Amino acid sequence: MKKAFILAGGLSAVLMGNAYAENVLNVALNADIRSTDPGVNRDTNSDAVMLHLTEGLVAFREDATVGPLLAKDIQVSEDGLRYTFHLRDGVKFQNGAPLTSAEVLWTWHRYLDPKTQWRCLGEFDGHGGAKIVDVAAPDPLTVVFTLDKPNGMFLTSTSLPECGGSGILHPDSVVDGKWKAPIGTGPFKLGEWKTGQYIDLLRFADYKPRDEAGPDGYTGNKSTTLDRVRLLVIPDPAAAKAALLSKNVDMLIDVTPLDSQELAATPGVKISSSGTMSVNALLFQTRDPLLKDVRMRQAIAYSLDTTQIVAALTNGLSKANNSMVASGSKYHTAVEDQGYGFDPTKAQRLLSEAGYKGQPIKLLVNKRYPSIFDMGVFAQAMAKASGINLELETLEWGTQLERYQTGNFQMMGFPYSERLDPALSFDSVTGDKDKEPRKVWDNPDAKQWLQEAMRESDPAKRQALFDKLHQQMIKDVPLIPLYNGNSISALRDYVQGFRSWPVSKPRLWTVSVRRT
Amino acid sequence: MMRFISQRLAMALPTLLLISLMVFAIIRLVPGDPALLMLGDMADAHSLEVTRAALGLDQSLPVQFLIWGKAVLSGDLGHSITTNQAVLPLILDRFQVSAGIVLVSVLLAALIAVPAGLFAAWKQNSSLDFSVVATATLLLSIPSFWLGLLLLYGFGIKLGWLPVVGYVSFGDAPWQALSYVVLPIVTLTLVELGAITRMARASAIEVLRLEYITHARAKGLSEGAVLWRHALRNAFAPTLTLIGLILGNLLSGIAVLETVFTLPGIGRLMVDAIYARDYPVLQGCLLLVTFVYVLVNLLVDLLYPLFDPRVKL
């Protein structure tokens, strides 16, 4: 009897063991991450991975507005100088320690220490954005930030993916003054990072989700059903596609429009896509002897059938947008819809007025971003029909980036990475060329309006400023924004719950896997 | 022998110094700024300045070279600009992946190609010879990435026998590791078969025309004994040189295959380092590659007298 009992127990244990299958999601990553230190040694893949491990006080919602994450609520003082964050109770770090204001203080002191080399220090030390003059913790669940002057971008800057979402870390993340590994409060904890091969994220069993019914961008309820996520580094797109087809990976998160069309037709594979806030544009050097004449720049703008170019470049996934205010932004209104229009006759009249005699204009492109090369080819062909002689020069990306930074170009096809607020988008192109040659738009009025938009937090007033900026940009033509990028992912059909969104980074806590 | 080895290794030192100087200078002549590549299009002047200072790029080039050279002499190849990892363990880790695949592939290729070449030479102008030459020419003409993709498609996607991406170290799980390297090894073996076969055949044809072979046959030795005992050793010597060159070339990185099969080898590391302008990693890789070339050539020189007694060290 005793033996039978033991046998039955053993058998059931074996069966239970067999019944449990680890729920794993395998995702292809097109390049390895740079480090596990959020917002420090980073790139877009590093940000995407770190935002699964750490959480900030606030985060972007689905519509790219900012909402609380580790904070229960946020109070802003009437003078706009003090931000009080009340922390959620019961949140734990991945080492089991509770989240208190002490860790928030430690994290922010570390971020604000120049030795940390936090990418976003300039956004908070007065160099480029707000200036934090004090961070205080009046009680274990309250943190108060004090700024030197009101800043409408403070919460947005705090949430930026490139800042690691200002993720709050446990002090044990650093040992003897050296970065060890992130101990955050996110739904996943770091398993193993095998450089050049894979990154394993493990479900954090004690994760305390927010009370919302479901996820909302980088905030909301972020609980997950996955036990493990393996992010496999596969730099070659053909190998990544082969891996998806052979089910070696379940998901590709960076698919070109052309590949998406092919994959969509493959049985067992589905596509998820969303417009993002990145901007693909043709830049002008407004100090170039030929292009300093605004009529030349306008002529090029009118010679391009932007709608047709964008439809061809994106297989119809994006629509043309001549504004720096992204199509998906809540600030994109009918005013921002007003672009250049395709008018070859007007282009030819402007060229004649400017005295253009067919001199060659060098247009720099690269093949790291195939859409930029293709954009250049289309622009060259269309401009030629209006008598404009664009010559393409293809550069390696590092070389082109240097030419961009130094302003050493006549025209350039350029992919601006996503800025999640129109003020940041305008800031990427507007400024003093003598100090920052990469800025293509050096208009005193525009600089003034931009400063106001950075300070202002009232949405209606910000809208008015963005409208003015857009209308002036259309007149000055320092660049031609063509369209906002697309975030396209390809998934096996058993991968459920994944949704692309305007922030072109995956949120894998939303995903469940139901293999048959 | 020991004197010869130490002389050759001593001769490698100026080569390594010259190479390190050239690599240091050339990579910095290439446009592109590592700090800028790190920060991307969001780089403002202040952040750029801070990052350059943190990476030591604000120092003059001679100062940068002296700092690096001094560290190299003490066995420290610095830290990666991209990931901040120590360069020496990083490149050794990646090198062992490439080296394992290359050594097995070249060995397999040699084991197949040398007898095939010898056999084709023995049956010169026969249909067998024609088949061997045609196959070798075909393999020589196939780009490695194409063959790799074809094998991936066939055995990975269509048949599903082997994994398409990933890598497992032999130390962790030998059988699983084998499944990941089969396709790269087969691809590389097939690609290298062509050149070695043709070289082995050409050498064997020359040797088989020599008088001592006629003499051996006149003595009444069997064709097998003539071929394997007398022709092979002499015919193999020039092929050995070619194998050495192939080995040196492949050990410096099989970047294309590593990309196709997602292998974390030294070739891919070098390509990534070039794109990211990761100077310390690139300098470290090229130093290692130069050193490997020197060693492989030394090894070939040491082995040569075993096959051709006329050569003395």
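A crossing of two helices is left-handed if the near helix is turned anticlockwise from the far one by less than a right angle, and right-handed if clockwise. In the predicted model described here, the crossing of α15(A) and α16(A) is of the left-handed kind. Two packed helices are described by the angle between their axes and the distance between the axes. For helix α15 (residues 444-455) and helix α16 (residues 459-476) of chain A, the angle is about 155 degrees and the axes lie 9 Å apart. Because angles over 145 degrees count as roughly antiparallel, α15(A) is roughly antiparallel to α16(A). On the side of α15(A), the contact is formed by A:D445, A:A446, A:W449, A:L450, A:E452 and A:A453. These residues meet A:R462, A:L465, A:F466, A:K468, A:L469 and A:Q472 of α16(A). By class, the residues of this contact comprise 7 nonpolar, 1 polar and 4 charged.

Chain B contains 13 helices and 0 strands, and its pattern along the sequence is accordingly written α-α-α-α-α-α-α-α-α-α-α-α-α. The C-alpha trace of chain B spans about 85 × 55 × 35 Å along its principal axes. Of the 313 residues in chain B, 40% are buried. Among the contacts in chain B between residues at least 6 apart in sequence, 71% join residues at least 24 apart.

One such pairing of elements in chain B involves helix α1 (residues 2-29) and helix α13 (residues 279-307), which pack at an angle of about 150 degrees with their axes 9 Å apart. The two helices are therefore roughly antiparallel to each other. The crossing of α1(B) with α13(B) is right-handed. From α1(B), the contact takes B:I5, B:R8, B:A12, B:T15, B:L16, B:I19, B:S20, B:V23, B:F24 and B:I27. Their counterparts in α13(B) are B:Y279, B:L282, B:Q283, B:L286, B:L287, B:T290, B:F291, B:V294 and B:L298. The residues of the contact between α1(B) and α13(B) divide into 14 nonpolar, 4 polar and 1 charged.

The residues that form the contact are B:I91, B:R94, B:F95 and B:S98 of α5(B), together with B:I266, B:G267 and B:L269 of α12(B). This contact consists of 4 nonpolar, 2 polar and 1 charged residues.

Helix α3 (residues 45-55) of chain B has B:S47, B:V50 and B:T51 as its buried residues. These residues lie on the same side of α3(B), because they cover an arc of only 95 degrees around the axis. An α-helix has 3.6 residues a turn, so residues three or four places apart point the same way. The cover over the buried residues of α3(B) includes α4 (121-124) of chain A as well as α2 (34-39) of chain B. Just after α3(B), B:G56 adopts a positive phi of about 75 degrees.

Positive phi values also occur in residues other than glycine. In chain A, A:N315 has a positive phi of about 55 degrees. A:N315 is placed in the loop between α9 (306-314) and α10 (334-337) of chain A. With 17 other C-beta atoms within 10 Å, A:N315 is partly exposed. In chain B, B:T262 likewise has a positive phi, near 55 degrees, and this residue lies in the loop between α11 (255-260) and α12 (266-276) of chain B. B:T262 is buried, because 28 other C-beta atoms lie within 10 Å and the cut-off for burial is 20 or more.

The contact between the chains takes 33 residues from chain A and 38 residues from chain B. On the side of chain A that touches chain B, the elements that give two or more residues are α6 (237-245) and α13 (397-406) of chain A. By class, this side of chain A has 11 nonpolar, 16 polar and 6 charged residues.

Notes: Residues numbered from 1 in each chain as written. Chains lettered and ligands numbered in written order. Predicted model: local features only at pLDDT ≥ 70, side-chain atom pairs only at ≥ 80, totals over all residues. Contact = placed C-beta atoms within 7 Å. Helix = DSSP H or I, 4+ residues; strand = E, 2+ residues; numbered from the N terminus. Nonpolar A, V, L, I, M, F, W, Y, C, P; charged D, E, K, R; others polar. Buried ≥ 20, exposed ≤ 12 C-beta atoms within 10 Å, placed from the backbone. Axes fitted to C-alpha atoms, helices over the stretch in contact; angles between N-to-C directions. Parallel < 35°, antiparallel > 145°, perpendicular 65-115°, else oblique. Arc of directions from axis to C-beta.
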